[in-house]
Amino acid sequence: MTIPTYNIAVLTPNRQMTEHRSAFLAVLRDLGHEVRGYTIGRELSAKTRAGLAKGEFPDGFRPDVLLLFCMSYCGLSHAGISNAILPYFPYVTMWDSNPLRFLYFLKDHQETHLSMLVFDSQVVQDLHELGYPQASYFPYAYTDPGIFNPGAATPAYAHELCFAGTLFLPKPHERVFGGQEAVAWRPEWDGMIREFCTERLASRDYLDVYRFLRTRMNVASKEGVELSDRLLYHQNWNERDLLFRALTQAGLTCHVYGGFQQGYRRKPQPENQGHFGPKIKFHPFLDKHAELPALYRSGTVHLCCTQFP
């Protein structure tokens with residue numbers, strides 16, 4: 001059977017978005033597709049806009065389909081250029097974040113949105129109920145064999161128990177929407193956050209942010225995006241807080257890489273380092289491609305908490 005091949009343009013406002021998925025894009029190329037990446041910024045000339053409206057990119061490339069990875073979809077909207085591109089090309093979105101957090105963005109340009117690839121089946125069901133039949137379950141997993149491969153353990157990372165990830169709450173001024181798009185924070189939202197955390201901790205189980213919010217507000221509004229984003233961080237905080245406290249009570253030592261470090265380029269918050277006591281040892285982020293594989297090869301047990309149950 002001959003597999004059809006396509007011209008695929010990968011759009012992102014942030015080059016790092018495609019760098020983190022380079023192995024997946026390499027597989028598409030190995031299958032015979034022509035794949036080109038484009039970093040699209042806020043400034044688009046009238047000539048470029050006219051070309052896009054005719055189905056052609058600035059370098060003359062004529063894609064059959066666009067590919068956008070989760071947050072890139074939102075970035076194009078923030079840059080004010082979604083309307084200049086998405087109506088003129090069929091496109092596919094691929095989500096390793098939860099699209100239910102971004103319904104405000106998803107409601108536009110559905111006529112050209114061919115497929116939403118999501119790796120959580122419950123989220124797919126929710127999207128179908130909301131009127132997104134193009135959502136499908138796609139549990140993709142990929143690694144670059146040039147990076148993640150068997151090898152000798154690195155003594156510095158030979159821990160019995162490890163965790164690679166963050167543990168922080170966003171600062172009050174950190175919002176999804178800024179500038180003229182910003183929405184005013186409402187005092188009742190603080191009460192909703194407290195209610196969410198109380199319910200989450202009482203249940204000692206995963207609490208779905210979308211299900212919590214959908215009976216309390218319009219989840220497809222800007223306000224819904226802001227609350228979804230904020231509650232996601234609280235969900236992660238509560239989940240990891242319970243995990244590390246349980247490890248401490250059990251007398252187990254766990255090495256956490258990232259932890260209170262809010263992003264790869266920011267330093268850890270020293271006032272939080274002793275939050276769980278001496279058994280939980282925090283280290284800076286490890287470079288995803290150069291050092292993180294060494295940790296995975298060297299540790300005995302690796303714990304993980306994600307935004308999907």
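Predicted model: local features only at pLDDT ≥ 70, side-chain atom pairs only at ≥ 80, totals over all residues.

About 230 Å³ of space lies in the second largest pocket.

- The residues that line the second largest pocket are I8, F24, L28, V65, L66, L67, V92, M94, L114, S115, L117 and F138.
- Sorted by class, this lining has 11 nonpolar residues and 1 polar residue, with no charged residues.
- At least two residues of the lining come from each of α2 (22-30), β3 (65-69), β4 (91-95) and β5.

- Strand β1 (residues 7-12) pairs with β3 in the parallel sense, and the pairing extends over 3 bridges.
- Within this arrangement I8 stands opposite V65 in β3, and both I8 and V65 are also listed among the residues that line the second largest pocket.
- Strands β3 and β4 also run parallel, and they are joined by 4 bridges.
- Here F69 stands opposite M94 in β4, and M94 is another of the residues lining the second largest pocket.

**The cavities**

- The structure holds 2 cavities of 30 Å³ or more, and the largest cavity has a volume of about 100 Å³.
- The largest cavity is lined by 11 residues, of which N98, R101, Y206, V209 and Y210 are the closest to its centre.
- Both α9 (209-213) and α10 (222-249) supply at least two residues of this lining, and the largest share, 3 residues, comes from α10.
- By class, the lining of the largest cavity has 5 nonpolar, 4 polar and 2 charged residues.
- The second largest cavity, with a volume of about 40 Å³, is lined by T166, L167, F168, Y233, N236 and W237.
- For the second largest cavity, too, the largest share of the lining comes from α10, which contributes 3 residues.
- The lining of the second largest cavity has 4 nonpolar and 2 polar residues, and no charged residues.

**Residue T112**

- T112 is found in the loop that lies between α6 (103-106) and β5 (113-118), and β5 is one of the elements that supply at least two residues of the lining of the second largest pocket.
- With a relative accessibility of 13%, T112 counts as buried, because the term applies to values under 20%.
- The side chain of T112 reaches the backbone oxygen of L86 at 2.8 Å.
- When its neighbours within four places in sequence are left aside, T112 is in contact with L86, P87, F89, P90 and Y91.

Conventions. Residues numbered from 1 in each chain as written. Heavy atoms only, no water. Buried < 20%, exposed > 50% of the residue type's maximum accessible area, 1.4 Å probe, protein only. Polar contact = N/O pair within 3.5 Å; in protein donor to acceptor, adjacent residues only side chain to side chain. Contact = heavy atoms within 4.5 Å. 1 Å grid on protein atoms, 1.4 Å probe; cavity = no way out; pocket = protein on both sides within 12 Å on 5 of 7 lines; lining within 4 Å. Points joined across faces, edges and corners; volume = space filled by probe spheres on them. Nonpolar A, V, L, I, M, F, W, Y, C, P; charged D, E, K, R; others polar. Pairing = 2+ DSSP bridges.
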